[in-house]
Amino acid sequence: ENGFRNLRAAEIKHGRVAMMAALGGVVQHFVKFPSFEAVPTGLSAVSTAPGTYGFAALFLAAGALELGPWSENPSKEPGNFGDPVGLNQYTEGPSGKA
C-alpha cells in the first residue's frame, strides 16, 4: 500500500512537471523577462551567463516549494494539495473526497 502510494504520487508529480515543461517550451519563444533579452532560446539558455542565474533561481525556488508547501500529506490522497492559494475552486467529488 505504501509503495503504491509513493509510485502514484511520483506519477502525478512527473506528469505535472512534464505539462509545465511543455508549456515553458512554447512560452519561452514569445516571452522574455526584463534583463534576459540577450539570452538565447532553447537549451543553450542554461549555458549563457544571465540564463544560468535564472536557472539557478528557478532550481532553488522549486526545491524550497518541494520541501515546504508542496510536500505530500499522508492523510490526503497522493497529489491532493487542497486549495493552497485560497481560490475556493476546490470541490469535493461524489465520493466525498476531493
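Student: Where in the chain is serine 35 found?

Tutor: In this predicted model, serine 35 is found in the loop between α1 and α2.

Student: Why is serine 35 called exposed?

Tutor: The cut-off for exposed is a relative accessible area over 50%. Serine 35 has 58% relative accessibility, so it counts as exposed.

Student: What makes the phi of serine 35 worth a remark?

Tutor: Phi of serine 35 is near 70°, which is a positive value in a residue other than glycine. Most residues other than glycine have a negative phi.

Student: How do you know that the protein chain is more spread out than a compact globule?

Tutor: The chain has 2 helices and 0 strands. Its radius of gyration is 17 Å, whereas the globule rule gives 13 Å for 98 residues; the value is well over the rule, and the chain is therefore more spread out than a compact globule. Along the principal axes, the C-alpha trace spans about 50 × 30 × 20 Å.

Student: What share of the residues counts as buried, and what share of the contacts joins residues 24 or more positions apart?

Tutor: Of the 98 residues, 7% count as buried, the criterion being under 20% relative accessible area. Among contacts with a separation of 6 or more, 28% come from residues 24 or more positions apart.

Student: Why is the pairing of glutamate 11 and arginine 8 called a salt bridge?

Tutor: The definition asks for a side-chain nitrogen of Lys or Arg within 4 Å of a carboxyl oxygen of Asp or Glu. For glutamate 11 and arginine 8 the N to O distance is 2.9 Å, so the pair meets the criterion. Both residues lie in helix α1, 3 residues apart, about one turn of the helix. Arginine 8 has a relative accessible area of 36% and is therefore partly exposed, a class that lies between the limits of 20% and 50%.

Student: What makes glutamate 66 and lysine 13 a salt bridge, and which parts of the chain does the pair link?

Tutor: The closest N and O atoms of glutamate 66 and lysine 13 are 2.4 Å apart, and the limit is 4 Å, so this pair also qualifies. The pair links distant parts of the chain, with glutamate 66 in helix α2 and lysine 13 in helix α1, 53 residues apart. Glutamate 66, at 31%, is partly exposed, and lysine 13, at 34%, is partly exposed as well. The structure holds 2 salt bridges.

Student: Why is glutamine 28 called partly exposed, and with which residues is it in contact?

Tutor: Glutamine 28, placed in helix α1, has 32% relative accessibility; this value falls between 20% and 50%, so glutamine 28 counts as partly exposed. Leaving aside neighbours within four places in sequence, glutamine 28 is in contact with Thr41 and Gly42, where contact requires heavy atoms within 4.5 Å.

Student: How many residues line the largest pocket, and which element gives the most?

Tutor: The largest pocket has a volume of about 1600 Å³. It is lined by 37 residues, and the closest to its centre are Met20, Ala21, Gly24, Phe55 and Leu58. The elements giving two or more residues to the lining are α1 (2-30) and α2 (49-67). Helix α1 gives the most, with 12 residues.

Student: How is the lining of the largest pocket divided into nonpolar, polar and charged residues?

Tutor: The lining divides into 24 nonpolar, 8 polar and 5 charged residues. Gly24, one of the residues closest to the centre, belongs to the polar class, because Gly is counted there.

How values were computed: Residues numbered from 1 in each chain as written. Predicted model: local features only at pLDDT ≥ 70, side-chain atom pairs only at ≥ 80, totals over all residues. Heavy atoms only, no water. 1 Å grid on protein atoms, 1.4 Å probe; cavity = no way out; pocket = protein on both sides within 12 Å on 5 of 7 lines; lining within 4 Å. Points joined across faces, edges and corners; volume = space filled by probe spheres on them. Helix = DSSP H or I, 4+ residues; strand = E, 2+ residues; numbered from the N terminus. Buried < 20%, exposed > 50% of the residue type's maximum accessible area, 1.4 Å probe, protein only. Rg over C-alpha atoms; globule rule 2.2 N^0.38 Å.
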